Amino acid sequence: MDPFSSSSSSLSSGSSGPSPEVMMDQLKTQLAQAYAEEFLETVRSKCFEKCITKPGSSLSGGESSCISRCVERYIEATCIINRALFSASR
């Protein structure tokens, strides 16, 4: 179901629809979910490429350590970028 269909159809049908605050909260929730999904997919693909050299039924100790470090570094880098972006926009 299209997340925007219910709000746009209710607005076009003449009813008052959700308040701007409710719509903003819904948009923030959708953006946060999309960001989280993209973040996880990027971490999965980048760290898998870098750390898993011979896919098998389980991870070796080195692969497990590599993935842990990769995810930690990716999260750390994302936090640094976010801080820089948000402090520059003010």
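**Contacts, folds and links**

Tutor: Among the contacts in the protein chain with a separation of 6 or more, 37% are between residues 24 or more positions apart, where contact means heavy atoms within 4.5 Å. Keep in mind that this is a predicted model, where local features need pLDDT of at least 70 and side-chain atom pairs count only at pLDDT 80 or more, while totals for chains, interfaces and linings use all residues. Residues are numbered from 1 along each chain as its sequence is written, and side-chain values use heavy atoms, with hydrogens and water left out.

Student: OK, and what's the secondary structure of the protein chain?

Tutor: Three helices and zero strands, giving the pattern α-α-α along the sequence. Helices (H or I, at least four residues) and strands (E, at least two) are DSSP runs, numbered from the N terminus.

Student: How much of the protein chain is buried?

Tutor: Of its 90 residues, 13% are buried. The cut-offs are under 20% relative accessible area for buried, over 50% for exposed, and partly exposed in between (1.4 Å probe, protein chains only).

Student: Why is the C47 and C70 disulfide called left-handed?

Tutor: Because the torsion about its S-S bond is about -85°.

Student: Are those two cysteines buried or exposed?

Tutor: C47 is buried at 3% relative accessible area, and C70 counts as buried at 14%.

Student: What about C51 and C66?

Tutor: They form a disulfide too, with sulfur atoms 2.0 Å apart. This pair links distant parts of the chain, C51 in helix α2 and C66 in helix α3, 15 residues apart. The link is left-handed, with -70° about the S-S bond. C51 is buried at 5% relative accessibility, and C66 is buried at 14%.

Student: So what pattern do the disulfides follow?

Tutor: It's 1-4, 2-3, counting bonded cysteines along the chain.

Student: Where does C79 fall, buried or partly exposed?

Tutor: C79 counts as partly exposed because its relative accessibility is 37%.

Student: Moving on, how many salt bridges does the search find?

Tutor: One, searching the whole structure. A salt bridge here is a side-chain nitrogen of Lys or Arg within 4 Å of a carboxyl oxygen of Asp or Glu. The side chains of R44 and E41 make it, at 3.5 Å from N to O.

Student: How far apart are R44 and E41 in helix α2?

Tutor: Three residues, so they are separated by about one helical turn. R44 is exposed, at 52% relative accessible area, whereas E41 is partly exposed, at 43%.

Student: Last one: which residues form the nonpolar patch on the surface?

Tutor: M24, L27 and L31, with about 270 Å² of accessible area together. Patches are made of residues with over 30% relative accessible area and no salt bridge, joining like charges within 9 Å and nonpolar side chains (Val, Leu, Ile, Met, Phe, Trp, Tyr) within 5 Å. M24 is found in helix α2 (residues 20-51), and M24 counts as partly exposed at 43% relative accessibility.

Conventions: Areas by Shrake-Rupley, 256 points an atom, 1.4 Å probe, with all protein chains shown as cover. Disulfide = S-S within 2.5 Å.
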